[in-house]
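Visitor: I am new here and would like a friendly tour. Could you show me what we will be talking about?

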Amino acid sequence: MIKETGILTINTGSIINNYNFFKKLKKNLIVAPTIKANAYGLGDKRVFNLLLENSCKHFFVATLEEGLKLKNKDKLINIYILNGLQDYNLNKFFKSNLIPVINSIEEYEKVKNSGLKFAIHFDTGINRLGIPIEYSKKINFINKNIQLIISHLSSAVEYKSNYNLKQKKIFTTLKKKIKNNKVIFSFANSHGAILDKSYLYDMIRPGIGIYGGFQNKKLGKRIKNVINLKGKIIQIKYIQKNQYVGYNRTFKTKTKIKVAIIGLGYEDGIPRSLSNNGYVYFKKNKFKIIGRISMDSFTVDISKSSHDLNVGMFLDIINNDHKIDKFAKICKTIPNEVLTSIGERVYRKYE
């Protein structure tokens, strides 16, 4: 029996479907899923092992700690650390079979003669992590320990953006200058992978697309929903006319109503932006959230329910009909933030 008041059901078949979708974009394309931030909140160890079972050999995480958690002992499996060396001792990368992504000339100087395998990230215009492209002349690309050259798109979700073309031109020019045939080139994330095939190069690094998230319909039509998020009814009661609901009296009843209190709140990833704004679902019924979202609960109006709802029953917050992209839009955010915000109190169920 599940005692938690929230259930996050994760469809492992959909994760593999989405991984295979990306693999089919081009023959011999390397698909290296990003499983940082606990696989976007879905469980990094579970997702890592699931993908391993389906012949995936390349992965990206953000930090050394995330890489160490996976305990990779297979030298044929490559786990890249996006945040680079930072202040860590190189021995930690050697011993744990982890590959740092070098983001600065200073990091390059530390690693170039170390014998450690490494990747290099060049900044082609996102102005975040990465070596400025003009410093590429300081790199000895013949170094046999360079495994991978990457960059990152700024505006991949904007399919008609000329900025994508500008970045791609810079990256392609760099690639043509590098004569090391063993180096892998990677540019695209989930949305970048479906701009067109010229963005694919040797490897893509899908993140949110693996987990069923998207920010436009072009990608959404090609991948499957991965999650179902439910909240438990912990109380049902009536509220009389002209009464207030929740903190700061943001909702006032116009008539007597029947409400359900759901045992999830902003600590569990239900953002306050859904206050008086969002919905939950039970079969064909749709129930409005009323009042402010609290830390541990929120209230929905179930006055017009066509079903006999009871304490202990679960209502859907995200499901196959009301996917994460719609939920994110109502919250005025992106699916990435929605997934990574779902708290540890929510029970993870894999099917």
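Visitor: Among contacts between residues at least 6 apart in sequence, what percentage join residues at least 24 apart?

Guide: Welcome! Please keep in mind that this is a predicted model. Contact here means heavy atoms within 4.5 Å. Among the contacts between residues at least 6 apart in sequence, the share that joins residues at least 24 apart is 62%.

Visitor: What percentage of the residues count as buried?

Guide: A residue is called buried when its relative accessible area is under 20%. The protein has 351 residues, and the part of them that counts as buried is 53%.

Visitor: Which residues touch the most other members of the largest nonpolar core?

Guide: In soluble globular proteins, nonpolar side chains tend to be buried together. Here the largest nonpolar core holds 94 residues. Its largest share, five residues, comes from helix 1 (residues 12–23). The members that touch the most others are I35, I149, F298 and V300.

Visitor: Which residues is I149 in contact with, leaving aside neighbours within four places in sequence?

Guide: I149 belongs to the largest nonpolar core. With its neighbours within four places set aside, its contacts are I120, F122, F141, F171, L174, I178, V183, I184, F185 and S186.

Visitor: Is H121 buried or exposed?

Guide: To place this residue, look at strand 6 (residues 118–123), where H121 is found. The cut-off for buried is under 20% relative accessible area. H121 has 6% relative accessibility, so H121 counts as buried.

Visitor: Which side chain does a polar contact of 3.1 Å join to that of H121?

Guide: Not counting residues up to four places away in sequence, H121 touches several residues, including V101, I102, N103 and L129. V101 is also part of a second, separate core of 11 residues. The polar contact of 3.1 Å runs from the side chain of H121 to that of N103.

Visitor: Where does N225 sit, and which backbone oxygen lies 2.8 Å from a polar atom of its side chain?

Guide: N225 is in the loop between helix 8 (217–220) and strand 11 (227–239). At 8% relative accessibility, N225 counts as buried. Apart from residues up to four places away in sequence, N225 touches S14, N319, N320 and K323. The backbone oxygen at 2.8 Å from its side chain's polar atom is that of I227.

Notes: Residues numbered from 1 in each chain as written. Predicted model: local features only at pLDDT ≥ 70, side-chain atom pairs only at ≥ 80, totals over all residues. Heavy atoms only, no water. Helix = DSSP H or I, 4+ residues; strand = E, 2+ residues; numbered from the N terminus. Buried < 20%, exposed > 50% of the residue type's maximum accessible area, 1.4 Å probe, protein only. Polar contact = N/O pair within 3.5 Å; in protein donor to acceptor, adjacent residues only side chain to side chain. Core = buried A, V, L, I, M, F, W, Y, C linked by side-chain atoms within 4.5 Å.
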